[in-house]
Every structure is written in C-alpha cells, then in structure tokens.
Amino acid sequence: MPPPWQLSCLQSRLRSLKIEINRVKNKEHPYPEPEIVFKALLAVVESRQALIDEILDLFAPDAPPPELLQPLFDSVVKDLADVAYYFSLVDRVDSARIPFEILRSLSWVSNLLLHEDCRSVVRLDPHYNYTISSFRHIFERLGWEREWSHAIPTGCNPKTTTVLVLGFPSADASSILMHALAAHELGHEFIRPLWTRIEAVREDATSRVRRKHQDALQEYLVERSRITSAKDPSELDEALNQFEPWKDSAKDVEAARRPQSHGDAYEASRKSFELNLAKVINNWFKELFSDLVAARLVGPAFLAAFDRLVVGETQPYKTHPPAGMRRKFVRDYLCREMSLIMQDDVWKELCNPYENYAPPRDFFWKICNDVCSFSLQGLAEIVEAVPSPLKIDNLKKYVSETQMYIENLAPPSAVHSADPVAPADKFWLLIFSSWHFRLNQRRFVTFAERFGWADNLAAAEEAIGNLLLHSLRSLELKYHWSQKVLEGGH
Amino acid sequence: MPIMPLKRPFDRYASLAWTTSLAILALEKLRRGKRLGDLREEEREALQKLTAEFELLSESTKITVDQISGEEMGTVTPQLLEGFFTLAEIEETSANPITASQLRQAGSDLEAIQHEEARVPDSSVVDRARDACLKLLTGLDRLRPEVVTP
C-alpha cells in the first residue's frame with residue numbers, strides 16, 4: 001500500500017505536471033497546433049487527479065484498503081509517465097533551428113495522402129531518429145479519445161483532425177533531403193485499413209517458415225524448456241543468456257526460476273516463443289510495409305535518406321528489423337516493381353551493396369528474418385493500393401528537367417513536363433529528383449565547383465535542400481490557389 | 001513508429017488499465033449503495049467495456065498453443081489472439097495471475113450488475129467483480145513500461 005508520503009509524492013507529481021503543461025501552453029508559439037495536445041494532456045492529468053481524489057474521499061477519514069489503492073496508484077503513476085513522455089515530444093517545438101517552412105508542405109501532402117486534417121509541428125530530436133507521430137492515433141491507442149475530442153477546436157472533426165509531430169535529428173536540422181523519410185512515417189498511417197490483408201500474408205509466411213524449420217524449431221523449444229526447468233541458478237543464468245530476445249528480460253528470468261516439470265516447461269517455452277514471435281513479426285511487418293510505401297512514393301531516394309540516418313548495420317530488435325534486412329527488402333521490391341528506375345547507374349551504385357546482407361545467426365531472429373523474406377510478394381501486392389508517382393510515363397524527362405533547374409540554382413517547382421500530375425505526386429517526385437541529382441557524383445561535384453563549394457560539399461547539398469524546400473512550398477501555394485479558383489473564389 | 005527503435009516502448013495496456021481503474025471506482029460506488037444510474041457516463045461505459053473484455057479473455061483461455069502454432073492459426077480471430085497473448089504475458093510476470101474461472105465469473109458478475117439498473121446490486125457480486133478487476137489491473141500494471149529512472 002503506498003504510504004502517505006508516496007501518496008503525497010503522487011499528488012505533487014499531478015500538480016507539477018499540470019503547472020508545467022499550462023506554463024508551456026501559455027507561452028507564445030509560432031503556431032497554435034500544439035495547443036490541442038497540451039489541452040488534451042491536461043485533461044488526462046485532471047481525470048487521474050479526479051480518480052485518486054474520489055477514491056480517497058470514498059474512504060475518508062480512513063485510508064482505502066491497500067489491495068484497492070495499490071493497483072490504482074501504480075496505474076496512475078504509469079499514466080502520468082505516459083503524459084510526461086508525450087509532453088516531452090511537444091514542449092520544445094519552437095526552437096530557432098527548426099526549419100518551419102517544411103511544416104506547411106508536409107501538412108499539406110499529409111492531408112492529401114491521408115484525407116485527414118493534419119496540422120504539423122516539428123521538434124528536434126537529440127537522438128538520431130526521424131519520427132512522425134499522429135497524436136490523434138496515439139491518444140486513441142492509449143484510451144484518451146475523450147480528452148482528445150474535447151481539446152479539438154469547435155468546428156473541427158475530432159475523428160479526422162490530428163497533430164503530426166515531426167521529430168527530426170537535431171544534428172541534421174538543416175538537411176531538407178532527409179524528409180524523404182516522411183514517406184516511411186506516413187506509410188504507418190496507410191497500414192490501418194490494410195492490416196487484415198497484411199495479417200493473412202503474415203500467417204501464410206509464418207506457416208511456411210515453421211514447416212521449413214520444423215525439426216530445428218522443435219530442438220530449440222526442447223533446449224529452452226530444458227534450461228527453464230533447471231534447478232541450478234548459475235546454469236540457468238548462463239543458458240538464458242544464449243536465448244534472444246529474452247536475455248534482457250528480467251521478467252522472463254523471474255518466471256523461468258519457478259520450478260517446472262519438463263512437460264510444463266515445454267508448454268511454457270512454446271507459449272513464450274509464440275508470444276515473442278507474434279510481437280516481433282507484427283512490429284517488423286509494420287516497419288517493412290512502411291518501407292515499401294516509401295519505396296512507392298520516392299523510390300530508392302528513401303534508401304539514400306535511410307543510410308544518412310542509419311549509418312552502417314544494426315542488430316535485430318523487438319520493434320525493428322536489422323537495417324541490412326530493410327535495405328535488401330526494399331531493394332528487392334524496387335528491382336521487381338521499378339526495374340527501369342533501378343537500371344539507372346546512380347541507383348545501382350547506391351543499392352547493389354545491399355544484396356550482401358547476411359541474415360542473423362541466432363535461431364529466433366533467423367525465423368523472423370525468414371518470415372519477412374517469404375512475405376515480400378504478398379506485401380508487394382497489398383502496397384499496390386498506394387499510388388506511385390514514379391510510374392508516370394515521362395519520369396526520365398521530368399527528372400532531367402528538374403535537375404537542369406537545380407544546376408542553375410532555380411527552384412524546380414516550375415517544371416511542367418510531368419503535367420498533369422497530382423500536386424502531392426510532384427512533392428515526392430521533387431524529393432526523388434533531388435536525391436538523384438545529389439547522388440550523381442559527377443553532376444553534383446560539377447555543380448559544387450561551379451558555385452564555389454568545391455571544398456564544402458555540405459554547403460552544396462544544403463543549396464539543393466533549399467531549392468527543394470522553396471519548390472515544395474511553391475507547390476502547396478499553387479495547389480491552394482487552384483482550389484480557390486475551382487471553388488469560384490480568387 | 002519511428003525509423004529506428006525508441007528507448008521507450010509503447011504503453012499498449014494503458015487503455016485497458018484506465019478502463020479497469022474506472023470500473024473499480026464504479027464498483028466501489030455501487031458497494032456503497034449507489035445505483036447504476038447514479039454513476040457517471042464514463043464509469044458506466046467502463047463497466048460495459050470491461051464486461052466485453054472479461055468475456056473475450058475468458059474465451060481466449062480455450063485457445064491452445066497448438067492452434068496458434070499450426071495450420072489452425074487462421075481459425076483464431078485477431079481479438080482472441082490478442083487476448084491469448086495478454087493472458088500469456090500476465091502469466092509470465094505474475095506470481096498469482098487471474099484464472100480462467102475468475103475471468104468467466106467476472107464477466108457474468110458485471111453482466112448481472114448492469115442489469116440491476118433500478119436497484120442496488122447484490123454486494124457479494126459487486127465484491128467479487130471488484131476483486132477480479134483489481135487482480136486484472138495488478139497484472140496489467142506489471143506489463144506496462146517502467147517509469148524511467150536515472
């Protein structure tokens with residue numbers, strides 16, 4: 001039972017969170033979008049305060065019994081940890097280093113792609129990561145829909161209004177080309193209506209992999225169950241350290257220490273394996289599908305931006321596949337579905353090394369790897385639902401013209417040879433073309449030398465980024481103007 | 001999800017934990033003589049949601065590992081599969097996890113309580129339902145991300 005001091009600390013936490021969120025909410029901001037998030041978070045804190053107050057009042061002047069208060073206390077503490085975490089994603093969205101100009105363009109293209117009312121804000125992430133978080137979806141998943149809908153301004157639809165928080169690596173704040181990664185993040189929003197079909201692909205691939213590795217899987221489960229029924233703690237510790245992904249799981253070790261018969265241990269081992277496999281595969285499929293969405297929208301430019309963010313290889317993780325596997329997966333998809341693009345030397349030079357990916361050796365991760373590899377065809381069919389701007393007939397001509405503008409330091413938004421192409425498609429085509437220009441070593445170096453950046457290629461790349469930014473903004477303005485003309489206004 | 005893993009996992013049990021907390025508050029009010037109609041709307045909604053959740057979890061206790069690891073995988077609905085894995089995780093992390101019979105009983109107790117709109121519900125039924133909710137909430141709390149410490 002939380003002693004009076006712990007309860008006092010909880011009350012203090014509730015109070016300080018409210019004060020801090022209010023303080024930031026009342027600051028002057030360059031844009032009003034975070035206000036929705038602050039209001040909704042305040043409502044969550046207030047509801048938790050109300051719960052604790054009501055429980056204490058029901059039993060006053062006595063204390064509530066420990067078996068009642070403890071779980072409620074623990075749950076509210078964790079809710080407040082969630083509030084503090086999500087607050088940290090929006091409390092510093094007004095740094096002077098943030099490229100605000102990209103926001104409107106990203107909001108605009110997100111609206112067109114997702115058919116939602118997206119308002120974007122940017123924060124600089126101290127870690128090397130790129131994120132776009134839809135706060136409406138986060139709040140829904142956390143069970144905070146009521147608080148969200150009350151925070152939405154009057155006249156807006158709480159079911160389609162969201163705040164997209166774009167998290168951008170602080171060290172790369174000026175790199176506009178990195179926003180090719182937005183295609184992956186928006187891909188996560190595409191998944192929802194397609195998830196049932198994706199699950200079917202997952203089940204089919206999982207069954208095939210089980211059949212392929214039937215004997216090895218049996219041995220693996222038997223070995224693991226033999227270890228979890230071991231009585232000697234040191235033998236248990238040493239053996240558990242061999243098993244991914246459980247070696248860091250203190251909970252699993254704790255569970256494993258309970259004495260079990262071999263039969264019980266085997267069943268427990270199977271259950272635990274299935275639990276972890278399902279979690280990991282679900283997470284990996286979401287990432288890989290979003291990678292394919294990015295490939296549909298910006299082609300191999302996604303991999304270039306990915307390489308900038310994720311330098312080198314990474315280990316498999318519960319939430320994300322290893323980087324090498326993702327690169328190969330996307331490359332294989334592009335070679336199948338966009339073979340003409342992949343014949344271009346610029347993209348070949350970028351992507352050919354990805355073929356050398358070596359799958360993990362650990363049995364569990366190998367199974368996960370194989371399930372994903374077997375799923376490429378199925379996922380490729382599903383991702384066809386995402387229209388690809390790279391399928392236009394005169395792509396080569398469009399890219400060539402775009403790059404001619406860039407070479408002459410002119411914003412490429414004026415290029416017309418791809419008309420009529422939907423404005424949102426031009427957004428992605430410009431990113432694709434810009435990266436192609438950047439990766440064309442001969443052309444990029446000539447460009448840098450021409451404008452005095454031979455010794456400072458980073459400045460040359462920044463110049464490309466600025467031209468891209470200007471063009472994306474221009475596209476958005478033209479779109480809104482043409483909509484007004486269509487509606488009969490000026 | 002971000003391009004790279006986050007240090008903090010998503011709190012996937014937050015929603016169910018809050019529904020359970022509200023249900024516990026509602027049941028405590030009913031124990032003290034309030035009627036269903038006296039409860040706030042979100043408390044009544046929590047009781048309804050939790051009734052359905054207990055029924056789902058109770059059904060998912062019938063699923064076997066063979067079903068989810070073999071050719072019969074397609075016969076298990078995603079909701080039942082999620083229920084199965086929730087209970088599996090609770091089992092792995094709790095010394096005294098909620099049992100299949102407790103889940104079944106809790107579902108029917110909450111159902112019975114919600115039918116007693118005009119009267120004060122039977123106190124032994126309310127007590128039993130409340131205890132089941134507390135046990136579920138304790139199990140869920142152990143599955144949620146740890147509060148970050150220095």
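1. Interface area. In this predicted model, chain A and chain B bury about 5,400 Å² between them, and 57% of that area lies on carbon and sulfur atoms. Three residues, Lys78(A), Lys271(A) and Leu275(A), supply 12% of the area that chain A buries against chain B, more than any other three residues.

2. Residues in contact. Chain A brings 63 residues to the contact and chain B brings 54 residues.

3. Ten salt bridges are found across the interface of chain A and chain B. One of them joins the side chains of Arg144(B) and Asp79(A), at 2.6 Å from N to O.

4. Make-up of the chain A side. The elements of chain A that give two or more residues to the side touching chain B are the helices H2 (34-59), H3 (66-90), H5 (135-142), H7 (182-212), H10 (250-256), H11 (262-298) and H12 (301-309). H3(A) provides the largest share, 13 residues. By residue class, this side of chain A comprises 24 nonpolar, 13 polar and 26 charged residues.

5. Strand S2 of chain A. In a regular strand, side chains alternate between the two faces of the sheet. Strand S2 (residues 131-134) of chain A is covered on both faces: Thr131(A) and Ser133(A) are buried on one side, and Ile132(A) and Ser134(A) are buried on the other.

6. Pairing of S2(A). S2(A) runs antiparallel to strand S3 (residues 161-169) of chain A, and four bridges join the two strands. Within S3(A), Leu166(A) is the bridge partner of Ile132(A), a residue that is buried in S2(A).

Note on methods
Residues numbered from 1 in each chain as written. Chains lettered and ligands numbered in written order. Predicted model: local features only at pLDDT ≥ 70, side-chain atom pairs only at ≥ 80, totals over all residues. Heavy atoms only, no water. Buried < 20%, exposed > 50% of the residue type's maximum accessible area, 1.4 Å probe, protein only. Pairing = 2+ DSSP bridges. Contact = heavy atoms within 4.5 Å. Buried area = accessible area lost by both parts, 1.4 Å probe. Salt bridge = Lys/Arg side-chain N within 4 Å of Asp/Glu carboxyl O. Nonpolar A, V, L, I, M, F, W, Y, C, P; charged D, E, K, R; others polar.
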